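Let's take a walk through a protein model together. Have a look at the fold first, and then we'll go through its pockets, its metal sites and its core.

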Amino acid sequence: MIILRFKSPAAWLDAVLNDFDAFLIDHAAAEKKASGMAVSMLSHYPDRTELVNAMVDLSIEEMTHFREVVKILHARGLILGADTRDHYVNALRKEMRQGTEVYLLDRLLIAGIIEARGCERFGMVAEGLPEGQLKQFYRAIAESEARHDHLFSDLALTYFERDIVEARLDVLLDREAEICAALPIQAALH
Ligand SMILES: [Fe+2]
Ligand SMILES: [Fe+2]
């Protein structure tokens, strides 16, 4: 359902492959934030049973990804970085509208879009890496991000009518394409 409207450039993949250590440190931070985001969602909507169940599972899965990336970092003699702002995520968050219902819809759709972008970019990394364990790892990560974008769009359809979901997604996908196109090329997920 979530089809991105901007294709990440090959120059982005080059930047990642040229400084893979920096990319790994940023990737770890992204997984940790994804897990924290899932916990914050279920804390905000304790009465939405489907959402709570989905976010419990997601927070654990993202934390498992985090653990795996931390292991890779440590095996390479690297350490975690300090938390930094993610301009891409922050720019998308600015699109969230005020109001209980629309805020929930926007949160779900933006989370799904972020997962879809993760899927695209981790998939590019998997393609760009030489055969080996790291390539397998990024393939698996890309597959799980693909499941997550469906998870969020399905949740949106659980709580909102399809035409409302599609109309809002249309607006947000255009905005995401602009935000993504304006990102600096760097060895980071965003
Ligand atoms: Fe993840
Ligand atoms: Fe994810």
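How many nonpolar, polar and charged residues are there in the lining of the largest pocket? Sorted by class, that lining has 10 nonpolar, four polar and nine charged residues. Keep in mind as you read that this is a predicted model.

**The pockets**

The largest pocket has a volume of about 470 Å³. Its lining is made up of 23 residues, and those nearest the centre are Ala 30, Lys 33, Ala 34, Val 89 and Ile 114. Where do they come from? Helices H2, H4 (87-93) and H5 (100-128) each put in at least two residues of this lining, and H5 gives the most, with seven residues.

Next comes the second largest pocket, with a volume of about 200 Å³. Here 15 residues form the lining, and Arg 85, Asp 86, His 87, Gln 186 and His 190 are the closest to the centre. H2 and H4 each supply at least two residues of the lining of this second largest pocket too. Here's how the two compare:

| Pocket | Volume | Lining by class |
|---|---|---|
| Largest | about 470 Å³ | 10 nonpolar, four polar, nine charged residues |

**The iron ions**

Now for the metals. Which residues coordinate the iron ion (ligand 1)? They are Glu 31 (OE), Glu 62 (OE), His 65 (ND1) and Glu 145 (OE), at 2.0 to 2.5 Å. The angles among the four donor atoms run from 90 to 128 degrees, and the site of the iron ion (ligand 1) is tetrahedral. Along the sequence, the donor residues of this ion follow the spacing E-x30-E-x2-H-x79-E. Glu 31 sits in helix H2 (residues 20-44) and His 65 in helix H3 (residues 49-75), so this pair ties together parts that are 34 residues apart in sequence. Glu 31 and His 65 are both buried.

Glu 62 in helix H3 and Glu 115 in helix H5 are 53 residues apart, and the pair links distant parts of the chain. Glu 62 and Glu 115 are buried as well.

Glu 62 bridges the iron ion (ligand 1) and the iron ion (ligand 2), and the two ions lie 3.6 Å apart.

In soluble globular proteins, nonpolar side chains tend to be buried together. In this model, the largest nonpolar core has 34 residues, and the ones that touch the most other members are Leu 51, Met 55, Tyr 88, Leu 108 and Ile 113. H2, H3, H4, H5, helix H6 (133-159) and helix H7 (162-181) each bring at least two residues to this core. H5 gives the most here, with eight residues.

One more residue on H5 deserves a look. Is Arg 117 buried or exposed? Arg 117 lies in helix H5, and its relative accessibility is 0%, so Arg 117 counts as buried. From Arg 117 to Ala 142 is 25 residues in sequence, and the two are 9.7 Å apart in space, C-alpha to C-alpha.

How values were computed
Residues numbered from 1 in each chain as written. Chains lettered and ligands numbered in written order. Predicted model: local features only at pLDDT ≥ 70, side-chain atom pairs only at ≥ 80, totals over all residues. Heavy atoms only, no water. Donors = N, O, S within 2.8 Å, 3.2 Å for Na, K, Ca; no water. Tetrahedral: all angles 85-135°; square planar, octahedral: opposite > 155°, others 65-115°. Helix = DSSP H or I, 4+ residues; strand = E, 2+ residues; numbered from the N terminus. Buried < 20%, exposed > 50% of the residue type's maximum accessible area, 1.4 Å probe, protein only. 1 Å grid on protein atoms, 1.4 Å probe; cavity = no way out; pocket = protein on both sides within 12 Å on 5 of 7 lines; lining within 4 Å. Points joined across faces, edges and corners; volume = space filled by probe spheres on them. Nonpolar A, V, L, I, M, F, W, Y, C, P; charged D, E, K, R; others polar. Core = buried A, V, L, I, M, F, W, Y, C linked by side-chain atoms within 4.5 Å.
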